[in-house]
Each structure stands twice: as structure tokens, then as C-alpha cells.
Amino acid sequence: MSDTQQHSISFVRTETLPEREPPYAASGPVKWMRENLFATIPNGILTIVSLYVIYLILAATLPWILNGVWNTASLSECRDVLDGTVGACFSVLTERWNQLIFGFQYPEELYWRPGLAFLLLFVAAAPVLFFDLPRKLLIFTALYPFIAFYLIWGGTILTPIVALVGFVAAGFFWKNFVARSFALGFFGSIVVAFIVWWLGGFLISDTANENAAMQAVPSRDLGGFMLNMMLGVTCVSLSVPLGIALALGRQSSMPLIKWICVIFIEFIRGVPLITLLFVASVMLSYFFPPESQVDLFLRVVIMITMFSSAYIAEVIRGGLAALPKGQYEAADSLGLDYPQAMRLIILPQALKISIPGIVNIAVGLFKDTTLVSVISMFDILGMIRGPILASTEWNGVYWELLGFAALLFFIVCYGISQYSQWLERRLATDHR
Amino acid sequence: MAEATQMKVSDEIAITISKMNKWYGAFHVLRDIDLTVNRGERIVICGPSGSGKSTLIRCINALEEHQQGSIEVDGTLLSSDLKNIDKIRSEVGMCFQHFNLFPHLTILENCTLAPIWVRKTPKKEAEETAMHFLEKVKIPDQANKYPGQLSGGQQQRVAIARSLCMRPRIMLFDEPTSALDPEMIKEVLDTMIELAEEGMTMLCVTHEMGFARQVANRVIFMDAGQIVEQNEPEAFFNNPQSPRTQLFLSQILGH
């Protein structure tokens, strides 16, 4: 408003108008529906069609779920109870719950051991996943693999202790000698670990496992969703560091290291996981000394880890390539050596860029653990296809069982995905 | 100008480059470079783009490898030995055209990182040093922000502070102001002038001729990978000898 107008049309407000509610059509659910569901005619048609489709889906599934039967001993009993009406037979889940979760050979009175290991997993994973927690908790994380091993497999406590001492000795050697020469520290610590394990082997008598306080459970007795969780957690936590090493190795200026990494990655990526698993179950024993009994679980872990680490290496290589060259130069120009530059400057940024890709592979890996059912390991899918569906009581209960397996996998995978999104937001500091 | 001559240049030698050659593949970027820099000297290197001036100063802290000749920094001969290279790099600070701050660390962490890990300074002491230098470049209040929240000029000043935290004996500047707005150029140049007045040995690739006149005690003109002319700023600007220098100066000072 110009000055002249202000002078010619004088106006002074003496009272303040009270606040009023907006008209009903411009607020609340009506406004929301008009804007989002019925903005245009095609929009409205789509809304109605979608609602009809949703209705059809719910009309078919809801009675099936709500009318479900939870406590019968067999499928035929289920059918009797339902008496021709639509309804799911969830009693297979309650009746075979233990088999679905722990497999059919794990001793029933020992279920608390894997259960406890599962609960401790959250304590161990927390400081790794949420780095605002006190760093001292990482000590428990480092001990967790040995505790979990002892809980799940049982046997003599000497086995995990010797393994732990081997790692501690290797770490000690590394810390004291790596400053002198990287190769000495690296290979020396590996040799030290093997010497400790070899010497420790004499401590453990052949009968130690039979007289142990914790009853020993052999690997072939593991099964159910527990086996999927064990394979998933072990392989993800091993393949991320291995993937980082492979990605850095592929960028190395030393031709030998570079070509070993390139050949490893390209070979593993070019082979289907199923093939690797068959190699693990059948052929790998040809490569070990004849008398050595390398555990099937360990062989499968090695194969899945190798497989996913090759993929993770490529994802991280993408992250490394996305960093501006200036970051390497700035790190160099400050006098940081290679391990420091990688650990403090390059990897934190490259890994942050790679989070979506790494999570993608972790989720894929976790679901791929069901493939072990084809080499006759009884994971949850193996249990469903084998002992449960083959039994006379439950022959023919597909939807309930497979739906339950799908639900378990969905919960875990969705959790991983939500965590990764939280992590990305938490790490967003660059304000680009 | 009078100011510049007052600043002391000692007889001690900081950098000696002799018969240094570098190739990118078959392309001969640096040809027979001979250069001696005394402690406390402030050298401005200018020249057309592609003349090898950035490559020259990047060779001094081994960001680029040279293939022939020798570079001696602070009495240490630059060889392919990694220990030597890291030693030289920790004595030589460098500022880049694009700042190259670490975006995942705060300003304070950017400044304390190298002292803590390379010099093994205790964290508290490193933070005190960092705050001292951040005050010097006049941005102590930004210490807990991330680089992405700062303006270009502020980022470049942080980059200078980050280098200074290592207490370098020599500073290299690779076109520190060419990615900045005119207003920000001044704040960065002021910081550099202050640094020069304190007697820091500086090698600066820049096209800021006002800065060269004010603080440099030697201006080097490079073209096609060679040092074509070097002189005191007064003589260099008022009475350039080679026709190539005359052409260059007429082009950049012409407007």
C-alpha cells in the first residue's frame, strides 16, 4: 500500500477479531480425503477400485486367520474342529513350535542354552550398532562369540577358552610387532594363534566332551530358525570385515595383493551360492587332511562368508570410488600413514555411503541361509519341508507353515532395514 | 612492499629442488626445475593453467611422485621410503583449492586429528592448540560445527588452522582462493598475510597479484613446466624480462 492511499483511506482497528475454526470442508478428514483420495475423477476411481481390492484381500484372509485353530494334534483333527468352515490350522505352529525354532534333534532340556545365547546377542550387538553406548561394553561383544559357542555347542569349556587365548595371544603379538613391520605383525600373529591352538589341542583330551559339565551338542543336531539366525549373524559379522579387506586389497598398489583380491571377488561372484554350498557339504572334505573332521557348520559358514564378502567388497569399492580424491590427499598431506588414513578418514566416509548396499547384501544373505536346506541341514525351511510336512499328522499344511517362516524372516529383515535408515540419519553430518 | 622486506629471511635452507623432472605418462610436466627456498621466504608461483605450478608444490610433499632429480625438505631427502615421506608431510602443511576438510568430523576434530594420531599429542593439549589456531583464523565459535555448515571462506580458514595445528615449518598453498567468492577471498588472504608476517616459510600458487606484491619476497613465473622468470615482486611486476611473462602479466593485470 502506497503512502498516498494510507493517508486518503484512514482506518483504525479498535477490536481484535476472535480466532475462528476453519470451515469444515477445509480442514480435518474431509480436506484430507478430498486432497489425497478424490482430487480428480480418475483419482477417485482409483481410490474406489483400490478399496475394493483391499476388501477382497481382507475378506479372504481375515476369516481364515481369525477363525484359525490353535490347539489340535493333527490336520485331520483341525478339519474336524473347523467342520467345513474357512479357517487356518495354526495348531501346527504350536504343536511343532520347538521343532521350527530349534530343529528336531536339539535336546529339549537344553533349549535354555540357545535361548540365553539369543538374548545375550542383543547385549553384544548393542554397542556395535548404537555407538553412543559406553565403549567398555565392547569387551562383552568380543567375548560373546566364545560364550555363545559354549552355550550352543556345550562340551568342555576348554575349547572356547583355548580359542580365546589364541586370539588374545595373536592380538598381543600384533600390537607389539606391527609397528616394526606390517607383514611381521600380520603373519606373525596368525602363526602365534595357530601355535596356541595346536598346543591347546593337547590340553583337551578326546573324552573331554563326554564328561563335560555342559552336555555337548554336535553341529548336525542344530536346526530350525536357530540355525538361520546362527548362520546369518556369524556370516554377516565375518563378511563385513572381510569385504572391507577385499575392497582395500583390490585398490592396493601391490600387484600380488590386488590380483589375489580381484580373482577371489570375480570368481566367487561368478559362482552360484548353491554350488558353493554343495562344495562345502560334499567336496570340501577332499581339500582337508583325511583324518580332520571339519565341522559341516563351519564349512557352510566359510562358504557363505566368502560369497557375501565378495559382494560387500564391491559395494564398499563403490563407496571408496565415490570419495573425492581430495580426502586421500588431505589425509596424506597431514602425515597420516595408510592404516590411519583408512581408519579415520576414508573408511568412515566410504562405509557411510555403502550402508544401503551393505544392508541389501546382509538382508539377502540372511534369507539365503535357507538354502542350506538343500544340503540336508534342517534349518526352518528344511524342517518344514522335511520332518513336519512329511509327517502323517501335518501333511498338507503349507500356508500356515510357510507364512510363519516368511513372517519370521520379515521381522528380522525389516528390523535390519529400519536400523540402517536410523543409522544413515544419525551419520548425516555433511549437510550436502 | 616495505613491510615485506622487513620480514626476515634467514640463510638457513628449507627446500632444495635440483634438476627435478616429472612426467605424466609421456607428457613432460616439469622440466629441470631448480629451486632453493630459504627459511622464512614467501614465494608466490604464478603462470598459465597447465604450466605445472600446482604439480611442483605437490611434489614437495610427495602427493605427486617425481621421476628425476632430487627434492630435499628440511634436510630430509624425498625418496620412495614411506617413513621419510610421512616425516616430511608432518613438517609441511598444505592447503588445497577445495579445502578438503573431513566432512564427517567437526571443525575441532578436523584440527586435532593429525596432532593426536601423528604427533601422539594428548587429546586435551591438541584441543587447546586447535582452539588457539581457530582463534587465530577468527572462527573459534564454529569449533563444534561440521564443515558443511560453514561458508567457503570459513572452511578455507579452518583448513589453514588444521595445517597449523601440526606446527609445520613450511606451508604450501595450492590456489587457496580460486574456489571462493570475492568477499571471502579477502578473509583468507588476511589470514595468509598474518601468517607471512610471523615468518612462516610459504610457497603459494595463486593469481592474487595484490597478495604477491604485499607479502612475497620472490615471485616465480612458470610456463610449460619450466621456471621462466623469478624476481622480487617490485621488479617482477614493473619490469618483467621475458616476453612470455610480459604477455601473462598484461593479460591478468590488464583489467
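Okay, let's start with Asn61(B): setting aside neighbours within four places in sequence, Asn61(B) is in contact with Ser333(A), Arg89(B), Val92(B), Met94(B) and Leu172(B). Keep in mind that this is a predicted model. So where does Asn61(B) sit in chain B? It's in the loop between α2, residues 53-60, and β4, residues 68-73. And is Asn61(B) buried or exposed? Buried, with a relative accessible area of 0%. One of those contacts, Ser333(A), carries the chain A label, while Leu172(B) is among the ones from chain B.

Right, on to the cysteines. Now, which parts of chain A does the pair tie together? Cys78(A) lies in helix α4, residues 75-82, and Cys89(A) lies in the loop between α4 and α5, the latter being 91-95, so the parts that get tied together are 11 residues apart in sequence. Both ends are out of the solvent by our count: Cys78(A) is buried at 1% relative accessibility, and Cys89(A) is buried with a relative accessible area of 3%.

Cys111(B) itself is buried, at 1% relative accessible area. Then there's Cys204(B), where the closest cysteine sulfur belongs to Cys95(B), 9.2 Å away, so again too far for a bond. Cys204(B) is buried as well, with a relative accessible area of 1%.

Next, a helix pair in chain A. Helix α11, residues 224-250, packs against helix α18, residues 398-427, at an angle of about 25°, and their axes are 12 Å apart. How do the two run relative to each other, then? Angles under 35 degrees count as roughly parallel, and α11(A) and α18(A) are therefore roughly parallel to each other. The crossing of α11(A) and α18(A) is right-handed. Which residues meet there? From α11(A) we have Phe225(A), Asn228(A) and Met229(A), and across from them in α18(A) are Leu408(A), Phe409(A) and Val412(A). By class, that contact between α11(A) and α18(A) comes out as 5 nonpolar residues, 1 polar and no charged ones.

Last bit: backbone angles. Most residues other than glycine have a negative phi. Lys138(B) has a positive phi, near 65°, and is a residue other than glycine. Where is Lys138(B)? In chain B, in the loop between α5, 123-136, and α6, 152-164. Lys138(B) counts as exposed, at 55% relative accessibility. Ala224(B) is another residue other than glycine with a positive phi, this time near 50°. Ala224(B) is found in the loop between β9, 218-223, and β10, 226-231, of chain B. As for accessibility, Ala224(B) is partly exposed, with a relative accessible area of 36%.

Notes:
Residues numbered from 1 in each chain as written. Chains lettered and ligands numbered in written order. Predicted model: local features only at pLDDT ≥ 70, side-chain atom pairs only at ≥ 80, totals over all residues. Heavy atoms only, no water. Axes fitted to C-alpha atoms, helices over the stretch in contact; angles between N-to-C directions. Helix = DSSP H or I, 4+ residues; strand = E, 2+ residues; numbered from the N terminus. Parallel < 35°, antiparallel > 145°, perpendicular 65-115°, else oblique. Left-handed = near helix turned anticlockwise from the far one by under 90°. Contact = heavy atoms within 4.5 Å. Nonpolar A, V, L, I, M, F, W, Y, C, P; charged D, E, K, R; others polar. Buried < 20%, exposed > 50% of the residue type's maximum accessible area, 1.4 Å probe, protein only. Disulfide = S-S within 2.5 Å.
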